[in-house]
Amino acid sequence: LTLSIHESVYSRRMVHFFSEIDPLNAALRQMTAQYTSVFVLVDENTQHLCLNLIQPALPSLKIISISSGEQHKSLDTCGQIWSLLTAYEADRKALLINLGGGVITDMGGFAASCYKRGIDFINIPTTLLAMVDAAVGGKTGIDYEGFKNQIGLFREAREILICPVFLQTLGHRQLRSGLAEMIKHYLIADGGAFYQFGQSPIAPDLDAIRRAIDIKSSIVALDPEEKNIRKKLNFGHTVGHALESFRLQTTQPLLHGEAVAYGMAVEALIAQRLSLLESGKAKQVVEKIAAIFDLRPLTPEDMDGIMRFIPHDKKSESGKIRMALIDDIGSCKIDIEVSGGDVKNVISDFNKIMEIYAP
Ligand SMILES: NC(=O)c1ccc[n+]([C@@H]2O[C@H](COP(=O)([O-])OP(=O)(O)OC[C@H]3O[C@@H](n4cnc5c(N)ncnc54)[C@H](O)[C@@H]3O)[C@@H](O)[C@H]2O)c1
């Protein structure tokens, strides 16, 4: 019974895949026909590079354009969105299309969910990270007073439209950042897909994207509000998020996926140290991730930064560090208690391995 209720809340059927733009536009025309007005939320990059791909399908589309970047995933920007919806007299049967990366899908989903107690929204993710992660799974929100995703709610997009054509204009670093979340999905649930995935960071095809989304959406269907198994999706994120938060304070910030790549390599070695993961498999994970993401040894400052930020991790409870750790390539356990000493020692081990790759 629990499963069927959750499946009615979160259905994988709402994700649609297109290898070309024309069929996406045909579907979009149909999906939007019932609404009184249709808005599209873009930032200046997706307005310039992506909007022209869908605009022919929706001639009366009203455009809400905001500034790009995480610093604009804010209450102020939501205020601008709500003011425009109000000025256009959008009613409860209006629709918001979120056309952009994770900032647009997170914030657009949140803004739509609050406007008049909730209007429908459709996500059309245009970064790889948003396709395989942010746009899927119902987490919406904004940053607040320096804390990421501090204000938000769980609410599913009405539909999610995936088309790799949007990735043609995405920069190499952004693409690689999305690859990290894809690889993470494979590592926690599909060893075969991990082994098949090549070592060179090229744009993945629709099948590889679809596989990653399927993994995320089937986990979310079972645990939409992250009470238990959805925590598996946090593999690589305890160390990764701590490193990302620390680097944000420096002149060498990392993209989210870049930090998660370090996190996955270090956490695979933590799993090995705790005898969860065989050493040969940990080695395969670290070697492949190091090659794809061009990992380097972490500096003493990085190590201190990670140790400082880890206690703030959302999975920590009563001062104890808890991680989701892989116990095989394609399988993951949640709520594993890890000591600060283990993390420190493993970062040293990680550096020794990386010195072989990046002397
Ligand atoms: N809700 C979730 O479950 C979830 C999961 C993971 C990440 N997130 C959130 O996602 C956000 C990060 O997402 P992101 O990496 O997509 O960042 P982003 O939305 O900032 O996009 C990255 C950059 O790429 C540009 N861009 C977008 N599409 C483009 C295209 N097709 N061509 C060229 N440029 C393009 C954007 O304008 C931006 O400058 C964070 O706020 C994070 O918290 C949410």
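The model is a predicted one, so please hear every number as computed from it.

I will start with helix H12. H12 runs over residues 256–273, which makes 18 residues. From its first C-alpha to its last, H12 reaches 25 Å, close to the 26 Å expected at 1.5 Å a residue. How many of the residues of H12 are buried? The count is 15 of 18, so H12 is mostly covered, with buried meaning under 20% relative accessible area. Just after H12 comes Ser-275, with a positive phi of about 60 degrees.

Next is helix H13, residues 279–293. H13 has 15 residues, and the distance from its first C-alpha to its last is 21 Å, close to the 21 Å expected at 1.5 Å a residue. The buried residues of H13 are Ala-282, Val-285, Val-286, Lys-288, Ile-289, Ala-290, Ile-292 and Phe-293. You will notice a lysine, Lys-288, in that list.

The side chains of Glu-287 and Lys-283 meet at 3.0 Å, N to O. Both residues lie in H13, four residues apart, which is about one turn of the helix. Glu-287 has a relative accessible area of 29%, and therefore counts as partly exposed.

What follows H13? Asp-294 does, and its phi is positive, near 55 degrees. Asp-294 sits in the loop between H13 and helix H14, which covers 300–309. Its relative accessibility is 43%, so Asp-294 counts as partly exposed. For a sense of distance, take Asp-294 and Asn-123: they are 171 residues apart in sequence, and their C-alpha atoms are 31 Å apart in space.

Now the other salt bridges. A search of the whole structure finds 18 salt bridges, and I will pick out some of them.

One joins Lys-231 to Asp-335, with the closest N and O atoms 3.2 Å apart. Is Lys-231 buried or exposed? It counts as buried, because its relative accessibility is 15% and the cut-off for buried is under 20%. Asp-335, at 35%, counts as partly exposed.

Another salt bridge is between Lys-227 and Glu-225, where the closest N and O atoms are 3.4 Å apart. Lys-227 is exposed, with a relative accessible area of 58%. Glu-225 has 43%, and so is partly exposed.

There is also a network of salt bridges. Which residues does it link? They are Glu-70, Lys-73, Asp-106, Asp-143 and Lys-148.

On to the surface. Arg-92, Lys-93, Lys-116 and Arg-117 form a positive surface patch. Of these, Arg-92 is in the loop between helix H5 (75–87) and strand E4 (95–100). Arg-92 counts as exposed because its relative accessibility is 56%, and exposed means over 50%.

A nonpolar patch on the surface is made by Leu-75, Tyr-144 and Ile-151. Together these residues have about 240 Å² of accessible area. Leu-75 lies in helix H5. At 41% relative accessibility, Leu-75 counts as partly exposed.

Ala-112 is in helix H6, residues 102–114. With a relative accessible area of 0%, Ala-112 is buried.

Leu-153 counts as partly exposed, at 32% relative accessibility. Leu-153 and Phe-235 are 82 residues apart along the chain, and their C-alpha atoms are separated by 22 Å.

Note on methods
Residues numbered from 1 in each chain as written. Predicted model: local features only at pLDDT ≥ 70, side-chain atom pairs only at ≥ 80, totals over all residues. Heavy atoms only, no water. Patch = residues over 30% accessible without salt bridge, like charges linked within 9 Å, V, L, I, M, F, W, Y side chains within 5 Å. Areas by Shrake-Rupley, 256 points an atom, 1.4 Å probe, with all protein chains shown as cover. Salt bridge = Lys/Arg side-chain N within 4 Å of Asp/Glu carboxyl O. Lys, Arg positive; Asp, Glu negative; His and termini not counted. Charge placed at Lys NZ, Arg CZ, Asp CG, Glu CD. Helix = DSSP H or I, 4+ residues; strand = E, 2+ residues; numbered from the N terminus. Buried < 20%, exposed > 50% of the residue type's maximum accessible area, 1.4 Å probe, protein only. Expected span 1.5 Å × (residues − 1).
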